[in-house]
Amino acid sequence: MTASDPNRIIIFDTTLRDGEQALPQSLSARQKLQIALALEQLGVDVIETGFPVSSQGDFESVQGIARVLRRAVPCGLSRAVAGDIDACAKALSVAERFRIHTFIATSEIHVKDKLRKDFSQILEMGVEAVKRARRYTDDVEFSCEDAGRTPIDHLCRMVEAAIAAGATTVNIPDTVGFTLPEEFGGIITTLYNRVPNIDKAVISVHCHNDLGMATANSLTAVMHGARQIECCMNGLGERAGNCSLEEVAMAIRLREAYMGGVHTGIVAKNIARTSGLVAKICNEPVPPHKAIVGSNAFAHSSGIHQDGVLKNRETYEILTPESVGFTGNTMRMTARSGRHMIRACLRNLGYEDDSYDLNEIYARFLKLADKKGQVFDYDLEALLFFSTLDEEEEENAFELDHISVMSGGSHSIPTASVRLRVGKRTRTESSIGNGPIDAVYNCITRLTGIRCQLTSFTITANGAGMDALGQVNVTVDYDGRIFHGMGMSVDIVEAAALALIHAANSIDRAAKIRESRKAPQEDAVPAMNTP
Ligand code: KIV
Ligand code: ZN
C-alpha cells in the first residue's frame, strides 16, 4: 500500500532469508547478491536480505546487497533483542533507506515452551524492540511469530502495542502453516475491527505451506485488508516452504477485478528468468508441476486438451507462458495425443495434409508412443519418412564400443577415451574436460562431428541402493531444434555417454531426412508446404 494507492500490494521477498535458511547448504555472498539483483529487476518492493547477527558472513552479505540495491528496500531480520537490532542497523546503514524487521513469538506454545516467559514479558520485549529499531530507521516491521495460533486477544494487544511503539508494518505470520483461508482472513478482519490504531501501519502476511494453503491464505488475507505479502521465489522456505511469489503475483494480476482492483509492481515477464536463476543458484530444481514456473505448467498432453489449445489456446490456458517470460507452450506428443496434434506438428515441419495418410501415421505414432513414452517432432518425421520408404528399422549411425575415464582427486585432470562405431568404421578419441562427463562429451563430439548445445542434463537413480541403474536424460539444441537422448547404465558416466550418443543418432537421422527432402524422389517423400 502506498499513501497514494491503497490498492497497491507490497511484495516482500524473503528468498534470501526464510528461503535460504531451508537450503541444505548456505549461499555465498556473491550468489545472494545475484539473486537480490534479479529480485530487484523482478519488481520486488522489499528484499529481506538476511539475518545479520547470525554470522559474520551473513552480516557482510546483507551489507553488500544493501550497498547495491537502488529501488527495492533492503531489510534485515532481528529477534526482539538489542544486539540483533544493532547488528541489523549496522549492516543496513550503508543504504540510504532500509527496513529493520524484528520479531517475537506470541502463541502460547512458543511463549511458554520455547521462550519460557509470560505474555506480558513478550509484550514488553516487542515494544522495546520496535522502539530500538526506530532509533535507526523510520521503516520498522514487527512480526508476531506464530500469529496463526495466537489467542486473538493477545494478538490484538500485541499489534496495537507494536504500532504505538512505532512499527510501520505489522506482520501476521502463519508460521507453521496451520490455518485455513477463511480462518486466516477472519484473523485479519478481527485485527481491523479491534485494533484502534491499525490504520497507522501496513498489515502484512507471511504464510507457510505446511497444508498447501500458503498462497490461498495470503490472497484471502489481501481480500480482508492485508497490503503486504511475504513470499519466496519458487515457494522456497522452511519445511514445505513459504507462499510462492510467482503464484500470488500472477493470481493478483489475473484476478485483479475479482480481488477489488489490487495490484503489485511485479514485472511478470521476468518471472521465468528469476525462477530459473534461483533454482540454479540454490540447487533446488523447480518441481515439474509447480504452478506458473514448473516445466509442465504450460504443457498439454491429453488429446482433448491439445485439440482445444490448437483451436484457441484460452480453452486450457488461463495465462500464456510468454506473459511470465517463457518462450511458448509445449505440446507433448504422447499416446494420449490425438490426430489433430499430429497433423499440427507435421504442418509445422512443413508437410502438406494430403501428402501422407493421417490414419496410418497416427496408428504408427501410437505404437511408437507406447514404446517410447514421449515422441518428439523428429521421431514423427522419421516415422513418416521411413513408412513411405518402407524402411522400418534403420541402423544407428553411432554406437558405443568402449569407454574409459580417469578422474580422481582435486589435482588430476579428468581424461576420457571413447571408441565408437561410426557407420562401418570404429574410431577412437581421447580428450580432457572440466569433469569426466565433459571429457567424454568432448570425445563424442569429435567422433560424431555433431556440435550441439546441451540444454538439459538430469541423472536419476532407477532402483534403490548400490544396484540402482543411473538414467541420464539430455536435451540438446542442434541448429535450433531440440533433440532428446536417454542412456541407462550402472555407471553414470557411461549412461551420460549413451544419452548423448542417442541424441546424436536422432540428429543424424533427422539430417538424412532433411537431405532427402531437398532432392525428393517421386512419391517417396511427402511433399512440403510451400510458404
Ligand atoms: O515464519 C515466521 O514466522 C517467520 C518470522 C521470522 C516472520 O519467518
Ligand atoms: Zn517464515
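**Cavity, zinc site and strands**

Analyst: This is a predicted model. By class, five nonpolar and two polar residues line the largest cavity, with no charged residues.

User: Which residues line the largest cavity?

Analyst: The lining consists of Ile444, Thr445, Thr448, Ile450, Cys452, Leu500 and Ala504. Two elements, α16 (436-448) and α17 (492-518), each give two or more residues to this lining. The largest share, three residues, comes from α16.

User: And what volume does the largest cavity have?

Analyst: Its volume is about 30 Å³. The structure holds one cavity of 30 Å³ or more.

User: Changing topic: what coordinates the zinc ion (ligand 2)?

Analyst: Asp18 (OD), His206 (NE2) and His208 (NE2) coordinate the zinc ion (ligand 2), at 2.0 to 2.1 Å. The spacing of these donor residues in sequence is D-x187-H-x1-H.

User: Are His206 and His208 buried or exposed?

Analyst: Both His206 and His208 are buried.

User: Now the strands. Why is β15 largely enclosed by the rest of the structure?

Analyst: Strand β15 (residues 469-478) is largely enclosed because seven of its 10 residues are buried.

User: Which way does β14 run against β15, parallel or antiparallel?

Analyst: Strand β14 (residues 453-462) and β15 run antiparallel, joined by nine bridges. Within this pair, Asn462 stands opposite Leu469 in β15.

User: How many bridges does β15 have with β16?

Analyst: Nine bridges pair β15 with strand β16 (residues 481-489), also in the antiparallel sense. Here Val476 stands opposite Phe483 in β16. The two strands form a hairpin with two residues between them, and Asp479 in the turn has a positive phi of about 60 degrees.

How values were computed: Residues numbered from 1 in each chain as written. Chains lettered and ligands numbered in written order. Predicted model: local features only at pLDDT ≥ 70, side-chain atom pairs only at ≥ 80, totals over all residues. Heavy atoms only, no water. 1 Å grid on protein atoms, 1.4 Å probe; cavity = no way out; pocket = protein on both sides within 12 Å on 5 of 7 lines; lining within 4 Å. Points joined across faces, edges and corners; volume = space filled by probe spheres on them. Helix = DSSP H or I, 4+ residues; strand = E, 2+ residues; numbered from the N terminus. Nonpolar A, V, L, I, M, F, W, Y, C, P; charged D, E, K, R; others polar. Donors = N, O, S within 2.8 Å, 3.2 Å for Na, K, Ca; no water. Buried < 20%, exposed > 50% of the residue type's maximum accessible area, 1.4 Å probe, protein only. Pairing = 2+ DSSP bridges.
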